[in-house]
Every structure is written in structure tokens, then in C-alpha cells.
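Dear colleague,

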Amino acid sequence: MPQDVPVFEWTDNALRLRQFVYEFWCREGVGPNLRDVREALGLSRREIVQAYKELQLGVICVVDQDSQNCNLIKFQPFSSFPSQVKAFVDGRFHSYVGCAMESIAFSRMPPFEGKDVRFESWCACCFEPVSFTARDGDVVERSPASFLIHVSANPWDWGNVDITAMCDTMNFVLDADHAERYEREVSRRGVLFTLDQAKLFVGPTGKHRMWDYHWAPSQMVPDAIVKGIQMLGVDTSNWGA
């Protein structure tokens with residue numbers, strides 16, 4: 001998925017597919033396969049695959065474009081594989097979340113409106129449990145009382161192929177000391193977000209995802225992303241910025 005993709009408009013097939021996948025995943029806790037999409041939307045295999053490719057270009061999902069069944073790997077904020085964050089709805093495991101940052105926006109989705117969504121993860125340094133509960137995008141309970149989100153990839157390296165590697169670099173840490181130890185383990189420097197800063201960072205996504213059927217494709221524009229993060233008060237010096 002290249003950076004600085006020119007502005008484009010979704011096709012009708014892409015819009016229909018995006019809405020269907022969100023509704024299906026929120027309801028079932030897993031993503032749909034090709035037959036599920038076919039049964040719901042009446043699209044051909046080629047139309048489904050092309051719509052997924054379009055959605056990936058607009059930073060909505062990741063699919064294995066080399067697989068004949070266009071395997072669905074991620075559909076923000078969901079992950080098809082066991083990620084570093086689990087989401088629980090109505091007291092039961094619902095799904096894996098794409099990353100620590102995505103978990104902050106997860107509860108803003110319309111199907112979860114008014115519900116308490118619990119997220120369970122761990123400190124990337126020591127695997128000590130980290131958990132919090134959010135309602136409509138607001139954190140209402142957390143344990144421990146304070147923890148951070150560590151991002152070890154510079155936005156200039158986000159989306160070189162797709163967002164999988166980017167999401168892998170967004171993890172919880174207990175504090176700055178734990179962040180530094182984790183950095184030594186993975187040989188990567190990173191920056192730290194408070195949960196309040198993370199909420200502001202994902203705010204536009206949470207505002208539009210599923211709420212706006214025609215929500216435009218996102219763009220991976222590194223310079224603008226870095227400047228936006230700096231405006232939140234995040235120290236980006238470890239990125240050389």
C-alpha cells in the first residue's frame with residue numbers, strides 16, 4: 001500500500017462491502033469469507049476481490065492479494081489473527097483488535113454504543129497485564145491506574161506494504177522505563193502516547209467509522225501524520241523529528 005496515494009472516491013461496491021464487513025464483524029466477532037459476501041451483496045468473486053483491493057488502498061483493511069480467496073487479514077479495528085489486544089463485549093470475548101491504538105477507537109462504533117467494552121493486553125516489556133474499559137470512546141476504568149502506548153515505527157515507515165507491520169509496532173507499556181527496556185529488546189526507538197493523546201489521535205477515525213457511510217478513503221501522508229502527532233504534545237525526538 002504506497003504512501004501519498006492521490007485522493008480518490010470509493011466505488012459503490014467498495015462502500016457496500018465496507019459496511020457489510022463492519023456489520024458482520026461487530027455481530028459475529030470474526031470477518032466474513034467470500035461466500036458470506038456473495039450471499040449478502042450478490043457480487044462476483046472478481047468484484048469482491050477488486051473491492052477489497054480498493055479498500056486496502058484507502059487504508060481500511062489488509063487482504064492477502066496473492067491468495068485465491070483474498071484472505072481477510074485485518075479490517076480496522078479488527079484483526080483476523082491473535083493480536084496483542086483482546087476485546088470483550090457483554091462480558092464475553094468478542095474479537096482481537098488490530099493494535100493498542102485501535103483499541104482506543106473501538107468502542108465508538110455504532111453497534112457498541114452505550115456498551116462497556118473491556119480490553120485486555122499486556123506491557124510489551126514484561127507481559128504484566130494491562131486492561132481498560134471504554135464506553136463510547138471514553139476510558140471509564142483502567143488497570144493499572146496509568147500506562148502508555150508505545151509506537152516504535154516512524155510514520156515514514158508506515159504502510160510501506162500494508163498496515164500490518166505498522167499495527168505491530170503499537171503496544172502498551174507500563175511506563176517510560178518499561179518502554180526503554182522494550183526498545184532495547186527489539187532494537188527500535190519509539191515514542192509514547194498517553195491515553196488522552198491516543199484518543200485525540202484516533203478521534204477522526206472514531207467519529208466517522210460506520211457513522212458516515214461515505215467516509216472518504218484515508219491517506220498515508222507521513223509528514224502530515226508526524227506534524228499532527230507533534231501537535232498533540234507527543235515527544236517525537238526518538239523519531240529524529
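This is a predicted model: local features need pLDDT of at least 70, side-chain atom pairs count only at pLDDT 80 or more; totals for chains, interfaces and linings use all residues.

Residues are numbered from 1 along each chain as its sequence is written, and side-chain values use heavy atoms, with hydrogens and water left out.

The protein has 8 helices and 11 strands, where helices (H or I, at least four residues) and strands (E, at least two) are DSSP runs numbered from the N terminus. Its radius of gyration, taken over C-alpha atoms, is 18 Å, which agrees with the value near 18 Å that a compact globule of 241 residues would have; the globule rule is 2.2 Å times the number of residues to the power 0.38. Of the 241 residues, 49% are buried, meaning under 20% relative accessible area, whereas exposed means over 50% and partly exposed lies in between (1.4 Å probe, protein chains only).

Helix α2 covers residues 34-41, and in this helix L34, V37 and L41 are buried. They lie on the same side of α2, because they cover an arc of only 65° around the axis, the arc being that of the directions from the helix axis to the C-beta atoms. On the other side of α2, R35 and E39 are exposed. The buried residues of α2 pack against α1 (12-28) and α3 (45-57), with contact meaning heavy atoms within 4.5 Å.

Best wishes
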